[in-house]
Amino acid sequence: MFEAWQAGAERCADAFAQADPKERLKWLGPDMSALSSITARQMETWAHGQEVFDLLGVERQEQDRIRNIAHLGVSTYGWTFLNRKEPVPEPAPFVELTGPSGAVWTWNDPQADNLVRGSAVEFAQVVTQVRNIADTSLETQGASAARWMAIAQCFAGPAETPPAKGARHKA
């Protein structure tokens with residue numbers, strides 16, 4: 001099974017290497033650019049991989065490549081609300097995340113009263129719904145930031161309820 005997965009992953013990587021990053025691709029949700037599709041595949045592999053690491057009780061060795069998933073999480077702020085047929089609160093919160101290397105990444109305009117701050121890995125866990133915000137050390141300020149992190153969803157498909165507090169963790 002691993003060999004079949006590896007061969008499929010290599011074919012997918014080869015196809016993406018030849019793609020125009022701006023080319024629009026069909027997907028379950030709205031069409032997306034090839035670049036966004038590549039990031040989404042990385043996000044799915046990472047998120048489902050986190051579930052395997054959790055089940056095995058193994059700590060994953062993270063790298064700054066997690067920034068791609070954090071960026072996808074920030075980019076899907078509006079999608080999280082629209083997917084639930086809720087108005088999108090404006091402005092989007094300021095996001096300040098620390099990567100595994102210690103690098104600090106920011107998105108959106110600085111706002112002391114509307115922000116998400118903390119670990120990029122924990123942020124990625126929340127937006128991919130492999131962790132509940134309450135099971136992380138992420139800090140939120142403001143109602144919009146708190147609501148977003150309570151329902152964040154950076155993947156296509158119908159609105160999903162995030163895991164309950166304490167439901168997902170390393171075994």
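How many bridges join strand S3 to strand S5, and do these strands run parallel or antiparallel? In this predicted model, five bridges join S3, residues 94-98, to S5, residues 115-119, and the two strands run parallel. S5 also pairs with strand S6, here in the antiparallel sense.

**Strand pairing**

- Within the parallel pairing of S3 and S5, Leu-97 has Gly-118 of S5 as its bridge partner.
- Three bridges hold the antiparallel pairing between S5 and S6, the latter comprising residues 139-141.
- Arg-117 has Glu-139 of S6 as its bridge partner.

**Overall fold and dimensions**

- The protein contains six helices and six strands.
- Read from the N terminus, the order of elements is α-β-β-α-α-α-β-β-β-α-β-α.
- The C-alpha trace spans about 45 × 40 × 30 Å along its principal axes.
- The radius of gyration is 16 Å, which agrees with the value near 16 Å for a compact globule of 171 residues.
- Of the 171 residues, 39% are buried.

**The largest pocket**

- The volume of the largest pocket is about 420 Å³.
- Its lining consists of 23 residues, and those nearest the centre are Met-32, Ser-36, Leu-72, Thr-76 and Cys-154.
- Strand S2 (32-33), helix H2 (34-56) and helix H3 (66-75) are the elements that each give two or more residues to this lining.
- H2 provides the largest share of the lining, with seven residues.
- By residue class, the lining of the largest pocket comprises eleven nonpolar, eight polar and four charged residues.

**Cysteines**

- The count of disulfides is zero.
- Cys-12 is in no disulfide, and the nearest cysteine sulfur, that of Cys-154, is 17 Å away.
- Because a disulfide requires two cysteine sulfur atoms within 2.5 Å, the 17 Å from the sulfur of Cys-12 to that of Cys-154 excludes this pair.
- Cys-12 has a relative accessibility of 34% and therefore counts as partly exposed.
- Cys-154, for which the nearest cysteine sulfur is that of Cys-12, is buried, with a relative accessible area of 6%.
- Cys-154 is also among the residues that lie nearest the centre of the largest pocket.

Conventions:
Residues are numbered from 1 along each chain as its sequence is written. This is a predicted model: local features need pLDDT of at least 70, side-chain atom pairs count only at pLDDT 80 or more; totals for chains, interfaces and linings use all residues. Side-chain values use heavy atoms; hydrogens and water are left out. On a 1 Å grid over the protein atoms alone, a cavity is a set of points where a 1.4 Å probe fits but cannot get out, and a pocket is an open set with protein on both sides within 12 Å along at least five of seven lines; lining residues have an atom within 4 Å of a point. Grid points are joined across faces, edges and corners, and a volume is the space filled by probe spheres set on the points. Helices (H or I, at least four residues) and strands (E, at least two) are DSSP runs, numbered from the N terminus. Ala, Val, Leu, Ile, Met, Phe, Trp, Tyr, Cys and Pro count as nonpolar, Asp, Glu, Lys and Arg as charged, and the others, Gly among them, as polar. Buried means under 20% relative accessible area, exposed over 50%, partly exposed in between (1.4 Å probe, protein chains only). Two strands pair if DSSP finds at least two bridges between them. The radius of gyration is taken over C-alpha atoms; the globule rule is 2.2 Å times the number of residues to the power 0.38.
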